Amino acid sequence: MGGQIVSYGSGGRPEYYTPANTSGVGVSAGQPAARDGAGTGVVRAQGTALALAAVGFWEAATAAGGSGIVRTDGDLDIPDWTAATGAAALVPGSVYYLSATVGQVTTVPLAASGQVHQEVGRAATTTKLTIELSEPVLL
């Protein structure tokens, strides 16, 4: 996975790194990120294929081809989650899962054959998601 690891969290796991946005489009803060096919950057994650499973979340808006921070552990606190959830606020206490919609997460886990079930975090507040990336499972 391209990009420089910037910080390690507890347990020695990378907390965030700075990859290139190779998706061909700009991304917004809070959108889930997946490894690109070449392994040189990241694209927007989507629960339609294991190759598009989430590896973290964009911390801020990043232009196509630009580099930005992808948070892989810890808390992500942003004021407006609309780009990632369709609503400005998170639902505190709710578990969030990767969505079939590109670059989005949802409180409803995917369940159809061929989709990817992946828990990605839990809302601590209306603006803060505690990232908890589970292993993706192809249904």
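A nonpolar core is a set of buried Ala, Val, Leu, Ile, Met, Phe, Trp, Tyr and Cys residues joined through side-chain atoms within 4.5 Å, where buried means under 20% relative accessible area, exposed over 50% and partly exposed in between (1.4 Å probe, protein chains only). The views below come from a predicted model, in which local features need pLDDT of at least 70 and side-chain atom pairs count only at pLDDT 80 or more, while totals for chains, interfaces and linings use all residues. Residues are numbered from 1 along each chain as its sequence is written, and side-chain values use heavy atoms, with hydrogens and water left out.

**View 1. The largest nonpolar core and a second one apart from it.** Welcome to the inside of the model. The largest core has 17 residues, and those touching the most other members are F57, L76, W81, L90, Y96, V120 and L129. At least two residues of this core come from each of β8 (95-98), β11 and β12; strands (E, at least two residues) and helices (H or I, at least four) are DSSP runs, numbered from the N terminus. Another core, of seven residues, lies apart from it and includes V27, A33, V42 and V70. In soluble globular proteins, nonpolar side chains tend to be buried together.

**View 2. Strand β3 and its antiparallel partners.** Two strands count as paired if DSSP finds at least two bridges between them. Strand β3 (residues 32-35) pairs with β5 in the antiparallel sense over two bridges, and here P32 stands opposite F57. With strand β4 (residues 42-44), β3 pairs in the antiparallel sense over three bridges; look for A34, whose bridge partner in β4 is V43. Six residues lie between β3 and β4 in this hairpin, and G39 in the turn has a positive phi of about 75°.

**View 3. The salt bridge of E59 with R71.** A salt bridge is a side-chain nitrogen of Lys or Arg within 4 Å of a carboxyl oxygen of Asp or Glu, and the count comes to two. In this one, the closest N and O atoms are 3.0 Å apart. E59 sits in the loop between β5 (56-58) and β6 (70-71) and R71 in strand β6, so the pair ties together parts that are twelve residues apart in sequence. E59 is partly exposed at 26% relative accessible area, whereas R71 is buried at 11%.

**View 4. The salt bridge of E132 with R122.** Here the closest N and O atoms are 3.9 Å apart. Because E132 lies in the loop between β12 (128-131) and β13 (137-138) and R122 in strand β11 (residues 119-123), the pair ties together parts that are ten residues apart in sequence. E132 is partly exposed, at 31% relative accessibility, and R122 is partly exposed at 35%.
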